[in-house]
Amino acid sequence: MKTYKLKNLDCHECAADIEKSLNKRKDVRSVSINFATSTMTLDSPSPEEVLRDLADIHPDITVIGEHIDDGHRIPFRSLVPIGIAAVLFITGLFFQQILHATPYSFAEYLVFGCAYIISGWKVLRNAAINMVRGKLFDENFLMSVATIGAFLINELPEAVGVMLFYQVGEFFQNLSLSHSRRSIGSLLALRPETAHLKTETGLKTIHPKEVAAGSTIVVKPGERVPLDGVIVNGTSQVDTSPLTGESVPRILKKGDTILAGMINKTAAVSVTVKRVFSESSLSVILDLVENANRKKAGTEKFISRFARFYTPFVVATALLIALLPPLLFQGFSFQDAINRALVLLVISCPCALVLSIPLGYFSGIGKASKNGILIKGSNYLDILTGIKTVIFDKTGTLTKGVFTVREIVPEPGYTKEEVLRLAVSAESHSNHPIAASLFDYYGKKPSSHEITSHEEVSGHGVIATVSGKRITAGNDGLLHREGISHTVCHTAGTVVHVAEDDRYAGYIIIGDEIKDDAREAIDGLRKEGIKRIVLFTGDSEDEARILSSRLSLDEYHAHLLPEEKVRELEKVLDGCGKGEQVAFVGDGINDAPVIARADVGFAMGKSGTDAAIDTADIVLMTDRLSKIGEAVRIGKKTRRIIIQNIVFAITVKIAFIILGSLGYAEMWFAVFADIGVSLLAVFNAMRILR
């Protein structure tokens with residue numbers, strides 16, 4: 001699969017047409033065109049043949065190379081024919097009476113005809129090619145019919161003026177589109193091109209794609225980090241804003257994780273590479289941003305369908321306006337009726353909608369990415385606007401997931417040291433954060449060679465045979481399941497109950513800290529109109545109740561296994577009203593099923609597991625919970641601007657259709673309205689990036 005840069009791709013409908021036509025070929029496995037970045041991703045065993053046939057579909061659109069960035073430059077050479085046509089047009093207007101006085105108005109037709117051909121030959125050519133291919137009712141067809149009709153009824157200045165103003169409008173529209181693409185492209189420019197690989201002979205500068213996982217690279221001051229890894233030597237101040245949107249630089253030292261796309265500021269650091277280039281955080285972000293248009297929002301799909309039916313309807317209406325009034329009403333001339341019909345054809349082009357709406361969604365995704373929020377498709381921007389319920393996982397999501405031992409309570413016959421030793425012996429095969437906190441408190445991870453059996457009970461704890469003794473370490477539910485009698489069931493905090501050969505030895509209270517911005521995040525969600533905030537946790541009832549109270553959550557559900565979380569989510573979904581969406585926020589492997597089942601799933605990008613991140617629809621790169629409210633705000637702003645564009649474009653078009661049908665709008669005004677609406681819609685869509 002290769003990605004190619006396309007030149008002169010200034011029409012969203014053209015992009016859709018190329019994609020549809022190429023996908024019909026037997027030698028094309030898949031093809032996707034990204035209008036916002038002017039790129040085409042092609043999977044074919046014979047790409048050269050496919051690229052050659054691209055010219056037959058749209059002659060103006062050409063491939064300028066693989067992965068080439070032309071900076072989205074506007075070809076100012078296109079101003080030359082516009083200037084020549086403008087001079088001829090103005091000359092014709094000034095001397096129209098003199099030119100008209102020549103035999104058969106030869107000079108008038110010559111001057112205006114030359115201006116018409118120079119300014120409109122591309123439109124005429126594309127219309128002819130599309131007609132041969134059986135494609136009617138695009139903007140080239142509409143412009144050609146309208147202006148040729150104007151020539152036939154001897155409205156030469158109007159015919160030339162329409163083509164000329166159309167070309168001027170197209171130039172400024174392309175200029176604004178280019179500016180928007182450059183703004184979006186600034187995000188994609190984060191991709192590093194070099195890496196300094198440590199070798200036996202010194203540093204070797206190569207492309208990051210050539211660096212294998214486990215290699216050591218050096219990142220010098222001022223350079224962008226090319227690959228994800230762990231610092232093994234050096235301490236430096238690092239700008240994380242390209243990935244996280246955080247403006248304050250961070251100090252990273254030996255043992256800290258450093259990600260591709262970050263900028264090393266003050267000192268050289270040596271980094272052991274943990275992921276190859278294609279799997280790095282930056283590559284994943286850029287790939288998702290570039291290809292987010294594959295998951296189209298409902299509004300985009302509606303506008304595409306609307307455009308297919310709208311234009312033929314307007315053409316049929318224009319035909320009726322041209323024929324019926326002269327036949328039904330006395331004193332109504334065919335010339336006046338045809339002129340009104342031609343105005344209707346010019347204003348009918350839906351380009352303002354099909355251009356600005358996909359650009360708006362792409363801008364929303366780009367804006368979120370710059371702020372450390374990775375949205376995997378434009379459809380999720382729409383879903384964000386309807387969220388009324390947010391469900392949080394506890395450990396690692398609302399809390400830091402950094403556990404510490406707060407208290408050890410032994411039963412008679414046992415000491416604190418014995419209870420702790422039994423717990424760490426049973427947990428010695430576990431990688432769970434609770435096990436890690438026990439090892440830290442114990443001072444070391446015990447030897448596991450004395451363990452002859454080990455069973456991890458999901459959501460409950462572990463059962464292990466250590467030195468011939470059966471050790472049970474887990475929550476209250478595990479003791480009840482195993483039929484072990486115990487004196488304590490409910491305590492505040494996360495509790496690890498310990499039993500030896502089914503004899504209760506005591507319990508250990510583990511504490512977890514609430515994240516610094518958890519309260520801020522909850523308050524922010526309330527401000528965004530979230531009605532219901534819920535906690536799902538596998539922890540005890542007491543722990544869930546205390547956390548829920550401290551954060552002012554609406555409800556909580558404790559003692560939940562992974563499959564029980566899904567069942568509880570189903571109940572929440574069933575209780576939602578029409579159009580109300582449910583979001584789930586989690587970080588662990590056990591959260592993946594419920595993340596997938598929610599209307600929109602959030603995952604922690606920094607501390608989350610690969611399963612959660614892959615399953616999630618939105619990834620918070622910094623793990624900051626306040627980013628959830630920010631994502632909702634971006635979704636709402638994107639939706640608001642897109643609705644503005646739809647209402648504005650349709651209102652103006654309907655108004656001019658009515659005015660044109662009644663004879664109050666000339667063809668020039670129709671062109672100004674069409675191009676002007678497109679420009680304003682594109683400028684409005686670009687506001688999302690600011």
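Colleague: Quick one to start. Where is the place of Asp502?

Modeller: Asp502 sits in the loop between β20 and β21. Bear in mind that this is a predicted model.

Colleague: Is Asp502 buried or exposed, or partly exposed?

Modeller: Asp502 is partly exposed, at a relative accessible area of 44%.

Colleague: And what about phi of Asp502?

Modeller: Phi of Asp502 is positive, about 65°, although Asp502 is not a glycine. Most residues other than glycine have a negative phi.

Colleague: Where is His559, and what is its phi?

Modeller: His559 is in the loop between β23 (555-557) and α20 (562-574). Phi of His559 is positive too, near 55°. His559 is partly exposed, with a relative accessible area of 37%.

Colleague: Let's zoom out. How many helices and strands are in the chain?

Modeller: The chain has 24 helices and 26 strands. Of its 690 residues, 54% are buried.

Colleague: What share of the contacts comes from residues 24 or more positions apart?

Modeller: Such pairs account for 66% of the contacts with a separation of 6 or more.

Colleague: What is the mean pLDDT of the chain?

Modeller: The mean is 81. A pLDDT of 70 or more is reached by 84% of the residues.

Colleague: Where does pLDDT stay under 50?

Modeller: Over residues 68-72. For that stretch the model has 11 contacts beyond four places in sequence.

Colleague: On to helix pairs. How do the axes of α15 and α16 cross?

Modeller: Helix α15 covers residues 416-426 and helix α16 covers residues 433-442. Their axes come within 10 Å and cross at roughly 135°. That makes α15 oblique to α16. The crossing is left-handed.

Colleague: Which residues make that contact?

Modeller: From α15, Leu420, Arg421, Ala423 and Val424. From α16, Leu438, Phe439, Tyr441 and Tyr442. By class, the contact of α15 with α16 has 7 nonpolar residues, no polar ones and 1 charged.

Colleague: Which residues in α16 are buried?

Modeller: Ile434, Ala435, Ser437, Leu438 and Phe439. The buried residues of α16 pack against β16 (399-410), α15, β20 (494-500) and β21 (503-514).

Colleague: What follows α16?

Modeller: Gly443, with a positive phi near 105°.

Colleague: Now α11 and α23. How do their axes run?

Modeller: The axes of α11 (residues 334-347) and α23 (residues 626-661) come within 8 Å and cross at roughly 170°. That makes α11 roughly antiparallel to α23.

Colleague: Which residues meet there?

Modeller: Arg340, Val343, Leu344 and Ile347 of α11 meet Lys653, Phe656, Ile657, Gly660 and Ser661 of α23. The contact of α11 with α23 divides into 5 nonpolar, 2 polar and 2 charged residues.

Colleague: Which residues of α19 are buried?

Modeller: In helix α19 (residues 541-551), these are Asp542, Glu543, Ala544, Leu547, Ser548 and Leu551. Just after α19 comes Ser552, with a positive phi of about 55°.

Colleague: Last topic. Where does Thr194 lie?

Modeller: Thr194 lies in the loop between α7 (156-188) and β5 (195-199). Thr194 is partly exposed, with a relative accessible area of 42%.

Colleague: What is Thr194 in contact with, its neighbours within four places in sequence aside?

Modeller: Thr205, Ile206, Pro208 and Pro226. Thr194 and Pro226 are 32 residues apart in sequence, and their C-alpha atoms are 6.9 Å apart in space.

Definitions and conventions. Residues numbered from 1 in each chain as written. Predicted model: local features only at pLDDT ≥ 70, side-chain atom pairs only at ≥ 80, totals over all residues. Heavy atoms only, no water. Axes fitted to C-alpha atoms, helices over the stretch in contact; angles between N-to-C directions. Helix = DSSP H or I, 4+ residues; strand = E, 2+ residues; numbered from the N terminus. Parallel < 35°, antiparallel > 145°, perpendicular 65-115°, else oblique. Contact = heavy atoms within 4.5 Å. Nonpolar A, V, L, I, M, F, W, Y, C, P; charged D, E, K, R; others polar. pLDDT = per-residue confidence, 0-100. Left-handed = near helix turned anticlockwise from the far one by under 90°. Buried < 20%, exposed > 50% of the residue type's maximum accessible area, 1.4 Å probe, protein only.
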